[in-house]
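Q: Could you take a close look at the salt bridges in this model and walk me through how the paired side chains sit in their helices?

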Amino acid sequence: MDLTNLLPDLTPLLIEALALILTSAIAAAALMVRKHFGVQVGQALQRDLHTALMSGIRAALEDGREAAADVLINEAIQHARESVPDAIKALKPTEAVLQRLARGKIAEAVRRARE
């Protein structure tokens with residue numbers, strides 16, 4: 001059997017195999033890019049939410065509101081809802097999660113004020 005005669009018969013199969021390999025490689029690369037940027041977007045949204053909660057706490061404290069923690073927490077959450085609605089919408093934190101985050105931000109703000 002001569003390979004020269006066999007090559008025309010195998011060419012369509014080789015092209016299909018190469019196309020399948022390239023398609024798989026492109027799909028894998030696209031998935032990696034999507035995951036990478038998805039993680040970055042998620043991290044940016046989390047950072048934005050934390051920043052908004054902290055700025056809400058700072059604003060309430062700077063306005064002289066030495067109110068109960070619950071009042072500060074509610075004001076910080078309201079500030080976050082108004083300033084980063086996209087982060088709230090995308091992350092979908094529960095009210096309990098927002099309250100815990102805001103409570104942590106109060107402790108952080110008080111600690112920074114003492115330094």
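A: Lysine 105 pairs with glutamate 108 in a salt bridge, their closest N and O atoms being 3.6 Å apart; the term covers a side-chain nitrogen of Lys or Arg within 4 Å of a carboxyl oxygen of Asp or Glu. Both lysine 105 and glutamate 108 belong to helix H4, three residues apart, or about one turn of the helix. Helices here are DSSP runs (H or I, at least four residues; strands are E, at least two), numbered from the N terminus. Lysine 105 and glutamate 108 are both buried, where buried means under 20% relative accessible area, exposed over 50%, and partly exposed in between (1.4 Å probe, protein chains only).

A word on the basis: this is a predicted model, in which local features need pLDDT of at least 70 and side-chain atom pairs count only at pLDDT 80 or more, while totals for chains, interfaces and linings use all residues. Residues are numbered from 1 along each chain as its sequence is written, and side-chain values use heavy atoms, with hydrogens and water left out.

How many salt bridges does the structure hold? There are three. Another of them joins the side chains of aspartate 70 and arginine 103, at 3.6 Å from N to O. Because aspartate 70 sits in helix H2 (residues 69-83) and arginine 103 in helix H4 (residues 95-114), this pair ties together parts that are 33 residues apart in sequence. Arginine 103 is partly exposed, at a relative accessible area of 44%.

Glutamate 95 and arginine 81 also meet through their side chains in a salt bridge, with 2.4 Å from N to O. Here glutamate 95 lies in helix H4 and arginine 81 in helix H2, so the pair ties together parts that are 14 residues apart in sequence. Both partners are partly exposed: glutamate 95 has a relative accessible area of 35%, and arginine 81 has 34%.

Since helix H2 carries a partner in each of these last two pairs, let's stay with it for a moment. H2 has 15 residues and reaches 21 Å from its first C-alpha to its last, close to the 21 Å expected at 1.5 Å a residue; the expected span is 1.5 Å times one less than the number of residues. Its buried residues are Leu72, Ile73, Ala76, Ile77 and Ala80. They cover an arc of only 130° around the axis, which puts them on the same side of H2, the arc being that of the directions from the helix axis to the C-beta atoms.
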